[in-house]
Amino acid sequence: MDHVAVLALFDRDMREDARPDGPGARVERVDKVVRQVGAEHGWNGVVWSDLDGVGADAAIADQVRYFTGLGREFEWKVYGHDKPENLGQRLRDAGFVAQPEETLMIAELGDLALDAQPPEGVRLLPVTDRAGVDLVADVHRQAFGTDSGRMRRQLLAQLTGEEDNVVAVVALAGDEPVSAARMEMAPGARFAGLWGGGTVESWRGRGIYRALVAHRARVAADRGYRYVQVDASSQSRPVLARLGFQPLTTTTPYVYG
């Protein structure tokens with residue numbers, strides 16, 4: 001993989017030319033900033049910027065005024081190659097709080113082994129309705145220890161919207177939900193995004209996460225996508241590397257509000 005070329009393509013496809021991630025969301029381009037304004041319970045934030053040391057502080061202040069004027073908490077996603085090099089520090093100085101750093105990992109679908117299956121006794125269930133969304137949210141709460149209310153509402157809105165651009169799946173051991181994940185597929189993009197992959201603690205290390213990655217990658221390949229990307233935590237990065245994903249840069253969410 002040509003890391004420089006693929007990262008540049010990712011920046012164009014998924015950031016500079018970002019599409020709304022669900023019903024009711026909109027993407028706005030203001031000067032050298034691309035931002036999403038989410039629906040009532042959706043994600044709000046800056047997905048791309050092209051700033052320099054002269055204008056960065058003013059651009060940051062503009063976004064703070066805009067989103068606080070809407071009464072929205074928002075996030076500024078900073079990638080390791082974004083400019084200026086001290087963008088993260090400038091955001092902290094403006095009142096943002098940095099969240100844990102993750103690694104942007106990308107794989108070309110033609111290079112992945114897509115035959116991984118869940119362990120014996122575990123089955124994968126496609127999520128298509130409110131009951132399935134509730135199972136995903138329950139796994140999310142157990143796996144990450146965080147409130148899953150906003151994720152539940154957003155996923156339900158995505159699955160019931162007119163556009164077929166989200167796939168969600170839950171792994172069941174009998175009737176017990178033990179792992180879950182979703183994939184977002186922006187129309188016209190070459191990258192499908194793998195999100196929310198989490199397994200409850202007592203079921204980790206059995207190959208379920210690997211099976212969920214393979215399941216979503218097969219769907220992405222069938223729909224004509226070339227790449228899959230993950231914002232990988234330190235836990236998932238080794239698994240993804242063994243599957244053929246390559247690290248391209250880091251990504252850190254900075255939250256305001």
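This is a predicted model: local features need pLDDT of at least 70, side-chain atom pairs count only at pLDDT 80 or more; totals for chains, interfaces and linings use all residues.
Q: What makes the meeting of Arg26 and Glu28 a salt bridge?

A: A salt bridge requires a side-chain nitrogen of Lys or Arg within 4 Å of a carboxyl oxygen of Asp or Glu, and the N to O distance between the side chains of Arg26 and Glu28 is 2.7 Å, so the pair qualifies. Side chains of opposite charge can pair when their charged atoms come close. Arg26, at 39% relative accessibility, counts as partly exposed, whereas Glu28 is buried.

Q: How do you know that the side chain of Arg35 makes a polar contact with the side chain of Glu28?

A: A polar contact is a pair of N or O atoms within 3.5 Å, where within protein one must be able to donate a hydrogen and the other to accept it, and residues adjacent in sequence count only if both atoms are side-chain atoms. The side chains of Arg35 and Glu28 are joined at 2.8 Å, and a further polar contact of 3.0 Å joins the side chains of Arg35 and Gln63. Arg35 lies in strand β2 (residues 33-37), where strands (E, at least two residues) and helices (H or I, at least four) are DSSP runs numbered from the N terminus. With 8% relative accessibility, Arg35 counts as buried.

Q: Why is Arg15 with Asp82 called a salt bridge, and what parts of the chain does the pair link?

A: The closest N and O atoms of Arg15 and Asp82 are 3.0 Å apart, so the pair falls within the 4 Å limit. Arg15 sits in helix α1 (residues 3-16) and Asp82 in the loop between β4 (74-79) and α3 (87-93), distant parts of the chain that are 67 residues apart. Both ends are buried, Arg15 with a relative accessible area of 2% and Asp82 with one of 8%. Asp11, Arg15 and Asp82 are linked in a network of salt bridges, and the count by this rule comes to 14 salt bridges.

Q: What makes Asp138 and Arg141 a salt bridge, and where do the two residues lie?

A: Their closest N and O atoms are 2.6 Å apart, which meets the definition because that distance is within 4 Å. Both residues lie in helix α4, 3 residues apart, or about one turn of the helix. Asp138 is partly exposed at 24%, and Arg141 is likewise partly exposed at 44%.

Q: How is the packing of helix α4 and helix α5 described, and which residues make the contact?

A: Two packed helices are described by the angle between their axes and the distance between the axes. Helix α4 (residues 130-144) and helix α5 (residues 149-160) pack at about 145° with axes 9 Å apart, the axes being lines fitted to C-alpha atoms over the stretch in contact and the angles running from 0 to 180 degrees between N-to-C directions. Contact means heavy atoms within 4.5 Å, and the residues concerned are Arg130, Val133, Asp134, Val136, Ala137 and His140 of α4 together with Met151, Arg152, Leu155, Leu156 and Leu159 of α5.

Q: Why is Asp31 called exposed, and what is its phi?

A: The relative accessible area of Asp31 is 77%, so Asp31 passes the limit of over 50% and is exposed. Asp31 is found in the loop between β1 (26-30) and β2, and has a positive phi of about 55° although it is not a glycine. Most residues other than glycine have a negative phi, and most peptide bonds are trans.

Q: What is the peptide bond from Lys83 to Pro84, cis or trans?

A: That bond is cis, with omega near -5°, and Pro84 is placed in the loop between β4 and α3.

Definitions and conventions:
Residues are numbered from 1 along each chain as its sequence is written. Side-chain values use heavy atoms; hydrogens and water are left out. Buried means under 20% relative accessible area, exposed over 50%, partly exposed in between (1.4 Å probe, protein chains only).
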